[in-house]
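Here are my notes on this one, in numbered points.

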Amino acid sequence: MSNLSALLRSWRSEPTIAGNIDVWNSAPPRPADLIPLPDDLHPQLADALKARGIDSLYTHQYSAWQQAQQGKSIVVVTGTASGKTLCYNLPVLHRLLQNPQARALYLFPTRALAQDQRSALSELIEHIPGSITRLPLAVYDGDTPASARPSIRNKARLVMSNPDMLHTGILPHHTNWADFFYNLQFVIIDEMHAYRGVFGSHVANVIRRMQRIARHYGAAPQFILTSATIANPTELAEKLIESPVVLVDNDGAAYGERHFLIYNPPVVNKELGLRRSALQESVRLADDLLAYKIQSIIFGRSRRTVELILTYIRQSLHSDFDASMLTEGEDPVRIRGYRSGYLPAQRREIEHGLRQGDVRLVVATNALELGIDIGQMGAALLVGYPGTIAGTWQQAGRAGRGDEASLAVLIATADPLDQFLARHSEYLFGRPPENALINPDNLLILLDHLRCAAFELPFRPQENFGNVEAARVSEFLDFLRENGVLHQSNGQYFWMADQYPSQGVSLRSASAESVLLQSLSDDVPVTIGEVDQASAHWMVHPGAVYIHEAQTYLVDSLDLEQNLAQLQRLETDYYTEPRLETTVELVETSAETQVPGARKAHGDIRVTAQLTGFRKLRWYTHEFLGFGEVSLPPTELLTTGYWLTLDESTVERLRESGLWQGDPNEYGPGWGKQRDLARARDGYRCQVCSLPEQGRAHDVHHKTPFRSFRDEAGQVDYHSANRLENLITLCPSCHRRAETAVRVRSGLAGLAFTLGHLAPLFLMCDTRDLGVHSDPQSPLANGQPTVVLFDQVPAGIGFSQRLFELHDELMRRACELVATCDCSDGCPSCVGPGGENGAGGKKETLAILKALIS
Amino acid sequence: MPSLSDRLKSLGVHVGAQDLPPPQSANLYTIDRVLDGHPASTSQGETYVVEARYSNDYAQGIAPLWVDQPLDAIAAWAHDERLRGLDPQSLAFLDTETTGLSGGTGTYAFLIGVGRFEGSEFHLEQLFMRDPIEEPAQLAALEEFLAPCSALVTFNGKAFDVPILTTRYMTHGWRSPLADQVHVDLLHLARRLWRDRLPSRTLPNIEYQILGALRTQDDVPGWMIPQMYFDYLRSGDARPLKSVFYHNAMDVLSLAALLSHTAALLADPMSDRVEHAEDILAMAKLFEEQEQYDLAIQLYLRGLDSDLSEEAMINALHRLALIHKRLDDLASAVKLWEEAARRQHLHAHVELAKYYEHRLQDYDAAIYWAETALSIIEQPGFPPYEKHQWQAELKHRLERLHRKLNG
C-alpha cells in the first residue's frame, strides 16, 4: 500500500480527523488521451520533442496545434500540469523554423514566470541544431540590463515579457522594434485569468495599442491564450484581443487518483459560532504528511501564516522521524518557506531540493508567485480558501505526479466563503461559477490608453481604437486636444506635449489620482504601492491594517492633499474593517426589470462615504477586538451599481409576520434582578474562558436573542426571554466575541451582508472590490427599501451588470446559504454577526430571501 | 446627456489645462512675418526653412568657424579612420530642438539646425515644421541637405539627436540618412579634454569658457523650448520662436567653431596658446592612450612644470613613469616614482618595490618600499575600506619578499 493510501486510511479511521472532513471527493485515475505527433510537424522539432521523451501529444495539445495551423486564435483551458505550454510552444517553434523571419511575443503576468518559461523552452530547443543562432530567445523586462537591450530588439525572435514592460518599455519605442513588429506572427498570453478587473481592463487596452502598432507595420499576429478554469474563458479572451477565439478544453492529460478534501475545523462554541484555528489544524495535518513521508506543499494566504506554520511545525515533534528533519544548519533543511521576494538563487536552491526530494515540505503563499518549476508534490494543503476557485485548483494542482495518487486538502477558516464552499462544494467540483470580468471601455482607463496610443502614433481621421468606434475615439481625442496634449491638423491628432504618458499610467489602478503608499525600510522611504484616491480613505486610513504582497502593514498617517500614506511593516494579530456612513444616489439607470418580490436594476450611481471609525477583528476567527477612532472628510465615488428594491407587497408580508425592522430593545422589568441571579449562578466567572470577575461585573448575554421573544403582535415575552436558562455570564472579551457594537442587524442589512460575501464568488474578485449598502428608505428607488452592490472602481469595471444578469442564481444561493447555516441567529458566515441586543437578523433575512426566490 | 468632458471631470480628471494661449485665429505674427525664412518644396510637400551664410572670417568668440587643420588627431581619438583626411566640406554639423527629452515615438524634432561648408562659406539651414503635418517634408529636406555629406558632428548627438531623428524617419517607414554615418560627438571629446577644469560641460558653457563667445539676450534656456513650440501651435504667434531659432543657430555655429578649435589644439598641443595645466595633462593622457608616447611625454613634462594641484602632480608623475616603464626606460621611471613616493603616492611605492624585487633582486630595498607603504596606510585617518585592500596586497608582497630573502 502506498504511503498516501496508508495516510488516508488512518485519517478515515481517526474520529478527531474524519469527523472534521466535510467533503471527501475522489476522482478516479484517468489515463492519458494521446495522439501521435503530427506528420506535418517540422522534423527537427519532432526530433527535439522525442529527445525530451515526448513522442505523442495530449488531445488538447493536438487540437491547439490544428487550430493554430489554420490561422486561428485560441484559448486553452485545461488543468494544472497538463502541458499547456506545449500548446503554444509547438505552433510557435514550428513557424519560426519554417519561416526564418517570423517573430513571436510571449506575455506573462510575472517576471518569475517569464524566467522559468525561458529556461524550460531553452531546454527543449537545445535539441534543435543551430538553435542558438536560428532561434534566439530572450527575456525583455525591467531587469534586462541596458547593454543587452539593443541586441535583443534587433535579433531575438522569441521575446518574453510582461504587460507592464510592453506598456512603458516597448510600445512607446516601437520604431526600435520595427523588424520585430513587421515579422510578428504570434502573441502568447499566459495565465489569461490574471487579466481581470482593473488590471485586466488596462491590459486589454495595452493589447489594443499593440495591435494598432502591429497593423502599422503590416502585421496581424495570431493569439494563443491559456487560462485556468473559469466560467467565461471565451468571453474574456475575445474581450482581451477583440477577435474571435476558439476554445480548446479537451484535456487529455493523465491524472492519478485525486482526493480533494474539505477539512472544517470543529466548532468550539456553537452559540457563538466559533471554530478552532485553521492554522493549527494545518500543522496537525502537516505533521501526519511528514510522518508518512509524503512530499507536500502548504499554501497560506499571508506571509505571516507561512511563518507561523513553519514555526509550529518545527516545534512539533513526531516520534516516527528523526529530529534532524527539523533543524537547519549543517543538516539539509527539509522544511522550507517559499515566497516572492526571494532571490533567484534561493528559489533555484529550494526548487532543486524539492526535485531531489531533500526538501519534504514547502510552505508558500500564492501559487503564481512560485513560477512554475518546483515540480509536483504528493499532497497540497490550502489553509483557507485562496480567494478564487481557479486559484484553489491551481494550488491543489500542485499535488499529483504523473499517474500517482494525490491529495489536496482545503482547510476552511471562519470566513463566510470558506464555510459556504464547505457546504456547497458543488461550486468547486461542478461548472465553475467564476466570471473573470473586464471593462476595457471604462472611461478613465480608456482615456489613459488613448493618451499613450496618441504618443505612439498620431491618430488618423476616422480611426477606431480596437472596438471603440471612430466617433467615440474622436470625442476622447478632442478632449485631449482641449486639454493641451494633442494638436489637430488635417484631421490627424499629433501628440504635442513634453511628457511620456505611459509612465504615469499604472496598470493596476483606475482613478484619476492615486495615493502613494510609503513605508520606511532602513530609514529610507520606499513606495510599496498605490491605491485609488476614491478608496484611500477606507483602505489606508490611519490605524488601518493593510496587506500588500502577503505582508501586513499598519497605516500611520494619510495625507489627502499630498496623496501620501505612511505605513510601517508590522505583524498584527488583527485586521481592520472600516465603518462607513454611506449614501448612494442615482445618476442614471441602465436597465431595470421586475423579479419575484422586487425590482432589480443596474446603472450609474454616486456613492458618498464618510469614515466614522473602524473595527479590529482577529485574523481567522474574526473575533471582535475593539474599535478604532478616525475621522476623514467624505469622499465621492461615481461608479456602476446593481440594486434590488423590495416590493411594497413583500415588505407588507414581512411586517405582518413581525419580521420587519426591529424596534429598540428594552429588556423589561426585573432585568436587573435576573442579571444578578445569572452571575451568581455562574460563580461570577465567564462561562467560556473561566475568567473571574475582577472589580467589575461581567456581562450577561441572552443565548436566544431577546427579540426572538417578540410575538406577532409585537408583544415581548420578557419572562421567557429573561429566564435563567437563557442567560449566560460572559467576560467583556468573550462577550465582544459574540457580538459587535453595531446597530441592530435588520433583515435588509443581513441580506446586504450575505450578498456582499457571496457575489465575489461569481465575480472572481475580493470582497473589498465590491461595495455593499442597504437602506430602508433609499433615494435610489423612491425611498423604498433597497440593497445595492457597486464596483469600487470609479466608472465601474463590469461587476454590476453581471450581477444583474446573475440575479436569480444569486438569490437562490444566498437563500441556501442562510437557510443551511448552523448558527442560531446570525454569524459571520451567513448574515453577519449578531447585534448588541442579541438580534442577529437571520430569520428576517431568510424571510426576505424566500420572498425573492419564489 | 452629460458630455464626455463633464463625465471625466466628475470622475476626477483635471479638465482644462491652465495657461493655454487662445487657439489660432487670424494672427498677425505668422512665421513669415517674424522670421527671415521661406517655404521649401520637397518630394513630400512643403516645409519652412531659414537660411544663413557665414563668411570664413566669422568667429564664435575667439574661434573662427574654420581653420584649415587636419582632423587626424580627432580621427585617432574617435577610433574612426574615415575621419582622417576628410574634406571639411563633407562635414555636417547638426543640432535639433525637440518637443521633449524622454525619447520615444511621441517626441518630435520640430526644428533641425544643420550646417556645412560650401566653398568659402558656412551654410546654415534651419528646417522648421510649421505643423507636425509637415514633418515628412522637413525630413526630406534634411535628407537632401545631407546628401553630399559623409560625416556628422554633434554635441550629445549619439545619445540624443541621432536616435530621435532616426525614430522620426522610421515612423514614416523610411530609412534614416543618419544611420552608419561617421559621427563625431563633441560632448565626449569635451569631457576628455575639460572634465577636470570645467564643472559643467554643456555646450553654452563650453562656448563661453573655451570659445569665449557670449550669447545675446535673444537666447532662451533649453528647458523652455518645448512649451514655446506648443504655444506657437496653439496660438499661431511666432514671435517667441525667434529666440528658439537664435538658440539653435548658435548651437550649430558653436559646433563648427568647437571642432576647429579642438582640431587646432590637438594638432599643436605644445603651443603657447594652451594656458591651463589641466588641459595640458588631459591632452597628455589622450595621446598616451593613442600610444603617441613621445608627444605624451613632452606634454606630461610640460604639465609637471606648471602650476598643478598636489593630486594632479602625483597623478602626472605616475602616468609619466608608467610610460617610461612601458618604453623600458626604467631609470627615468624610477626617478619619477621616487618623486611620487616622496609625496606619499602608494602606487609609486608598489612600483618601486616591484622594480627592486623583479629587476634588481634587491629584496631589502623592495621590503623597504613595501613597508613604507604599509606605514602610510596605517596612519590614522586613512579610509578603512582602502586600507583593507592595500593591507592585503602589501602583506602578501612582504611575505613573499621575506621568503625570498630567507630562502
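1. Helices (H or I, at least four residues) and strands (E, at least two) are DSSP runs, numbered from the N terminus.

2. Ground rules before going on. This is a predicted model, in which local features need pLDDT of at least 70 and side-chain atom pairs count only at pLDDT 80 or more, whereas totals for chains, interfaces and linings use all residues. Residues are numbered from 1 along each chain as its sequence is written, chains are lettered from A and ligands numbered from 1 in the order in which they are written, and side-chain values use heavy atoms, with hydrogens and water left out.

3. Overall scores: the model gets ipTM 0.87 and pTM 0.84. Chain B has a mean pLDDT of 90, with 97% of its residues at 70 or more. For chain A the average is 86, and 91% of the residues score at least 70.

4. Chain A has stretches I'd flag. Residues 323–332 of chain A have pLDDT below 50, and the model gives this stretch 16 contacts beyond near neighbours in sequence. A contact means heavy atoms within 4.5 Å. Residues 739–745 of chain A also stay under 50, with 29 contacts beyond four places in sequence.

5. Now the helix packing in chain B. Helix α13 (residues 330–342) of chain B packs on helix α14 of chain B at about 140°, the axes being 8 Å apart. Axes are lines fitted to C-alpha atoms, for helices over the stretch in contact, and angles run from 0 to 180 degrees between N-to-C directions. That makes α13(B) oblique to α14(B) (under 35 degrees is roughly parallel, over 145 roughly antiparallel, 65 to 115 roughly perpendicular, the rest oblique). Their contact divides into nine nonpolar, one polar and three charged residues. Here Ala, Val, Leu, Ile, Met, Phe, Trp, Tyr, Cys and Pro count as nonpolar, Asp, Glu, Lys and Arg as charged, and the others, Gly among them, as polar.

6. Next, α14 (residues 346–359) of chain B against α16 (residues 384–406) of chain B: the axes come within 12 Å and cross at roughly 20°. The two helices are therefore roughly parallel. On the α14(B) side the contact includes B:V350 and B:E357, and on the α16(B) side B:L394 and B:R397. By class, there are six nonpolar, two polar and six charged residues.

7. Helix α15 (residues 363–377) of chain B also packs on α16(B), at about 160° with the axes 10 Å apart. That makes the pair roughly antiparallel. Among the residues that meet are B:I367 and B:L374 of α15(B), and B:W390 and B:L398 of α16(B). The contact has 12 nonpolar, two polar and four charged residues.

8. Finally, salt bridges (a side-chain nitrogen of Lys or Arg within 4 Å of a carboxyl oxygen of Asp or Glu). The whole structure has 55 of them over all chains. In one, A:E242 pairs with A:R208, the closest N and O atoms being 2.8 Å apart. The partners are 34 residues apart: A:E242 lies in the loop between α12 (233–241) and β10 (246–248) of chain A, and A:R208 in helix α11 (residues 197–216) of chain A.

Key
pLDDT = per-residue confidence, 0-100.
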